Amino acid sequence: MGERTIPADGLLVNAKQPLPATLLNCTVATYDARVTQTAGDSAKPLQLAFIGAGGVLVHQMNYLKPVPHYAAVAVADVSEVALAAAKEKFRIPSLFTDYRRMLKEMPQIEAVSVCTPNWLHAEHSIAALEAGRHVMVEKPMAMNARDAKKMIDAAQASGKQLVVGFQHRFEAKSRMIRKFIEAGAFGKILYVRVQALRRRGIPSWGVFGRKDLQGGGPLVDIGVHMLETAHFLMGSPQPLTATASTFCYIGDKPCEVEVPWGPWDHKTYTVEDLAVGMIRFEGGSTMTVETSFAAHIERDLWNVQVMGEKGGANFETGQLFTDQGGYMMTRRRGGR
Ligand SMILES: NC(=O)c1ccc[n+]([C@@H]2O[C@H](COP(=O)([O-])OP(=O)(O)OC[C@H]3O[C@@H](n4cnc5c(N)ncnc54)[C@H](O)[C@@H]3O)[C@@H](O)[C@H]2O)c1
């Protein structure tokens, strides 16, 4: 039995090569990118299928290119155009307009990547889990906590793994910062500042402004990425209390300035422009979250700042801050 490490951008959950117990209970926040898995059956590629053949399928297929031991065998989408594009671009051989037929007619499928819009994540994940497949579902996990709980229950009942597509924890700088925090280099983590802020980045395509179809605005679309990365960096502490405010003051009105993505559909805009919040964790750490599609700020920000008793880190720049030898040191990873 050999060992192989899941690559930094790895998205796979392999039925034949179980991941550690941390993943089995859908505890995405405890996933460790450095996890290794036994490769007893590595000769047989993981049989992977997709539900949803839109934009994110393209991203996933590109990330999967260097990943060994998988075969993208099928894709289901209600759009024949999307299916044809997936076949042409990625040579995915079996196409279905009904995902239930795909799950039924292709028993060889071991894992399913759910790439459909937010409001379908729970339905598609639960169906795949109940059909005995491992699932990776795109972020945000679900429209609300109730649906997320149903997904976790389905995973536990099926004994299959459920992973949410939070790729930023796998970035080299995330793993480096996590390693330093885990080793105690920053001492107790006091405060973590999470920012996923756009000055004027309301998408002019899709349904990003529709609360009924998205579940929320910037918090569930972009804020969730940095929030989850920060929680991972901290070592996934248990939240105790949370408080937040949301504001809508631009998106629900016609666009009056020049914007990179063009005017959005303000008539259907029912999500927040800006969400800010604070979470207190067991152990005393505090996190603030700031996220926006539209805010009057100097520049867009995509960052996590970690402040500990003995040191800190900046996710955006990959810098580490400590006191050493009588100096305040700022360090960055060498090499590439
Ligand atoms: N991890 C990331 O960084 C990241 C990036 C982009 C998108 N996403 C997430 O991926 C999901 C999909 O986003 P996208 O940009 O690919 O959207 P998209 O609109 O480009 O693609 C969605 C696809 O789902 C299909 N679909 C709709 N209803 C269906 C159904 N009932 N059965 C089967 N297929 C159906 C559509 O026809 C479409 O092809 C969203 O939840 C989004 O938040 C994540």
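Tutor: Let's go through it feature by feature, starting with the overall make-up.

Student: What kind of model is this, and how many helices and strands does the protein have?

Tutor: It's a predicted model, so keep that in mind throughout. The protein has nine helices and 16 strands. Of its 336 residues, 41% are buried. Take the contacts between residues at least 6 apart in sequence: 72% of them join residues at least 24 apart.

Student: How do I read a sheet? Which strands form the six-stranded one, and in what order?

Tutor: The general idea is that strands of a sheet pair through backbone hydrogen bonds, either parallel or antiparallel. Here, six strands make an open sheet with parallel pairing, in the order β5-β4-β3-β6-β7-β8. The edge strands are β5 (94-96) and β8 (162-165), and each has a single partner strand, so one side of each is left without a neighbour in the sheet. On average, neighbouring strands of this sheet are turned by 25 degrees against each other, ignoring direction.

Student: How many bridges join β3 to β4?

Tutor: Six bridges join β3 (residues 46-51) and β4 (residues 70-76), and the two run parallel. To find one yourself, pick glutamine 47: its bridge partner in β4 is alanine 71.

Student: Which strands does helix α5 lie across?

Tutor: Helix α5 (residues 121-130) lies across β3, β6 (111-114), β7 (134-138) and β8. Relative to β7, α5 runs at about 170 degrees.

Student: Now the inside. Which residues have the most contacts inside the largest nonpolar core?

Tutor: As a rule, in soluble globular proteins, nonpolar side chains tend to be buried together. The largest nonpolar core here has 41 residues, and those with the most contacts inside it are Ala49, Val75, Val112, Val135 and Met151. Strand β3 gives the most to this core, with five residues.

Student: What is the strand order in the eight-stranded sheet?

Tutor: That open sheet has the order β10-β11-β12-β9-β13-β14-β15-β16, and its pairing is mixed. Strands β10 (239-247) and β16 (327-332) stand at the edges with a single partner strand each, so one side of each is left without a neighbour in the sheet. Neighbouring strands of this sheet are turned by 10 degrees against each other on average, direction ignored. Within this sheet, look at β9 (residues 189-197) and β12 (residues 286-292): they run parallel and are joined by seven bridges. Leucine 197 stands opposite serine 292 in β12. Helix α9 packs on the sheet, touching β9, β11 (274-281), β12 and β13 (301-308), and its direction makes about 155 degrees with that of β9.

Student: And how do two helices meet? At what angle do α7 and α9 cross?

Tutor: For a helix pair, look at the axes and then at the residues between them. The axes of α7 (residues 172-182) and α9 (residues 218-234) come within 8 Å and cross at roughly 35 degrees. From α7, Ser174, Ile177, Arg178 and Ile181 meet Thr229, Phe232, Leu233 and Met234 in α9. By class, this contact has five nonpolar, two polar and one charged residues.

Student: Which residues are closest to the ligand?

Tutor: The ligand is surrounded by 22 residues, the closest being Gly52, Gly54, Gly55, Val56 and Glu138. The shell has ten nonpolar, nine polar and three charged residues.

Student: Is arginine 91 buried or exposed?

Tutor: Arginine 91 has 9, so it is exposed. Serine 236, in the loop between α9 and β10, also has a positive phi, near 55 degrees. With 17 other C-beta atoms within 10 Å, serine 236 is partly exposed.

Key. Residues numbered from 1 in each chain as written. Predicted model: local features only at pLDDT ≥ 70, side-chain atom pairs only at ≥ 80, totals over all residues. Near = placed C-beta within 6 Å. Nonpolar A, V, L, I, M, F, W, Y, C, P; charged D, E, K, R; others polar. Pairing = 2+ DSSP bridges. Helix = DSSP H or I, 4+ residues; strand = E, 2+ residues; numbered from the N terminus. Axes fitted to C-alpha atoms, helices over the stretch in contact; angles between N-to-C directions. Contact = placed C-beta atoms within 7 Å. Core = buried A, V, L, I, M, F, W, Y, C linked by C-beta atoms within 7 Å. Buried ≥ 20, exposed ≤ 12 C-beta atoms within 10 Å, placed from the backbone.
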